[in-house]
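Student: I have a model open and would like to talk it through with you. Could we take it one loop or helix at a time?

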Amino acid sequence: NPPNLQMEESSGLRQANCRAKGGSSGFKVAILGAAGGIGQPLAMLMKMNPLVSVLHLYDVVNAPGVTADISHMDTGAVVRGFLGQKELENALIGMDLVIIPAGVPRKPGMTRDDLFNINAGIVKTLCEGIAKCCPKAIVNVISNPVNSTVPIAAEVFRKAGTYDPKRLLGVTMLDVVRANTFVAEVLGIDPREVDVPVVGGHAGVTILPLLSQVKPPCSFTPEETDYLTNRIQNGGTEVVEAKAGAGSATLSMAYAAVKFADACLRGLRGDAGVVECAFVASQVTELPFFASKVRLGRTGIEEIYPLGPLNESERVGLEKAKKELAASIEKGISFVKK
Ligand code: NAI
């Protein structure tokens, strides 16, 4: 190497080592599927998160390109790229948080369940790697159908003997983000002031916004309730149709994923009162998994909150949601068992 290049490389290394050490106060985060529509903006936003000291970007395509690009951002996290199955283990070793947006998205006319055949296998393989290389990591599953991929992850971890239900979370944050936005529009207030609990699961009628529990306290006409419930349940389809074959929500999803990952990291750091909705192993209903508000802490999920009082239309919605959810959960579990 010419001398100046050598110098540049060694000083680059020195910086990386120094930051990695100095970053012992920060967390190590891996994104699996980092070159995708969600993965790329998610990687960018995580590189901007001051709680992250090391960011591993894994994909089966284009990981080096995305890594080179993101690594030039002058923020604290050290970025490393990993390409293809043979590098999966290196991507995972030592991680505190693993975020999974790997897999195919919907096209117009498809349900999330139509993605099962491809994404189930992808999530299974990635979770086998997690069980082997970072069994204590918090896992955020974004890949659809979340109602089935979270049970798949649980079953893989159970088989490997590493399952800790407190550390596995299906990301339903986008439903909450949409609900906050749409409710704020109807109320004519700032979405940042709105908090809508969204429970159940992450597909169609399993997405159950609890409009009777919106903060700040408010009430809706039956027409507003129908409009909002419908729009929140079909928000994903609204984007799929608008993109007309070019994929599903990626930018709002990356925003939601970072909001959720940041909550998990604040919990790990020991912050008090970190509460978000997520699809988790649960005893809130008779189903083995259910989305509701959870409190995040140093060990992952530290408390799961009950649904609270539901009005008549929410009770009807809950029964519908549970019926579809039960089948999706069973489908995920039996995929790994067979
Ligand atoms: P995309 O197709 O743009 O990106 C997916 C990425 O995963 C690609 O870069 C691909 O190379 C990668 N990938 C495929 N197989 C892999 C493997 N075995 N290991 C690692 N990476 C692999 O899709 P997009 O739009 O980023 O969506 C990703 C997933 O997120 C889809 O399943 C989609 O349905 C889901 N999603 C979930 C939402 C939620 O609220 N939980 C919201 C929106 C999308």
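Student: Where does Pro-216 lie?

Tutor: Pro-216 lies in the loop between strand S8 (207–209) and helix H8, where helices (H or I, at least four residues) and strands (E, at least two) are DSSP runs numbered from the N terminus. The peptide bond that leads from Lys-215 into Pro-216 is cis, with omega near 0°.

Student: Before I go on, what kind of model is this, and how are residues numbered?

Tutor: This is a predicted model, in which local features need pLDDT of at least 70 and side-chain atom pairs count only at pLDDT 80 or more, while totals for chains, interfaces and linings use all residues. Residues are numbered from 1 along each chain as its sequence is written.

Student: And what about the bond from Asn-144 to Pro-145?

Tutor: That peptide bond, from Asn-144 to Pro-145, is cis, with omega near -5°, and Pro-145 sits in the loop between strand S5 (138–141) and helix H6 (146–160).

Student: Switching topic: how do H7 and H8 cross?

Tutor: The axes of H7 (residues 173–187) and H8 (residues 222–233) come within 9 Å and cross at roughly 150°, the axes being lines fitted to C-alpha atoms over the stretch in contact, with angles from 0 to 180 degrees between N-to-C directions. H7 is therefore roughly antiparallel to H8, a term for angles over 145 degrees.

Student: Which residues make that contact?

Tutor: On H7 they are Asp-175, Arg-178, Ala-179, Phe-182, Val-183 and Val-186, and on H8 they are Glu-224, Leu-228, Arg-231 and Ile-232, with contact meaning C-beta atoms, placed from the backbone, within 7 Å. These residues divide into 6 nonpolar, no polar and 4 charged.

Student: How does H7 cross H10?

Tutor: The axes of H7 and H10 (residues 251–269) come within 8 Å and cross at roughly 110°, which means that H7 is roughly perpendicular to H10, the term for 65 to 115 degrees. The residues of this contact divide into 8 nonpolar, 1 polar and 1 charged.

Student: Last one: what is phi of Asn-62 near?

Tutor: Phi of Asn-62 is near 60°, a positive value in a residue other than glycine, and Asn-62 lies in the loop between strand S2 (52–59) and helix H3 (63–71).

Terms used:
Angles under 35 degrees count as roughly parallel, over 145 as roughly antiparallel, 65 to 115 as roughly perpendicular and the rest as oblique. Two residues are in contact if their C-beta atoms, placed from the backbone, lie within 7 Å. Ala, Val, Leu, Ile, Met, Phe, Trp, Tyr, Cys and Pro count as nonpolar, Asp, Glu, Lys and Arg as charged, and the others, Gly among them, as polar.
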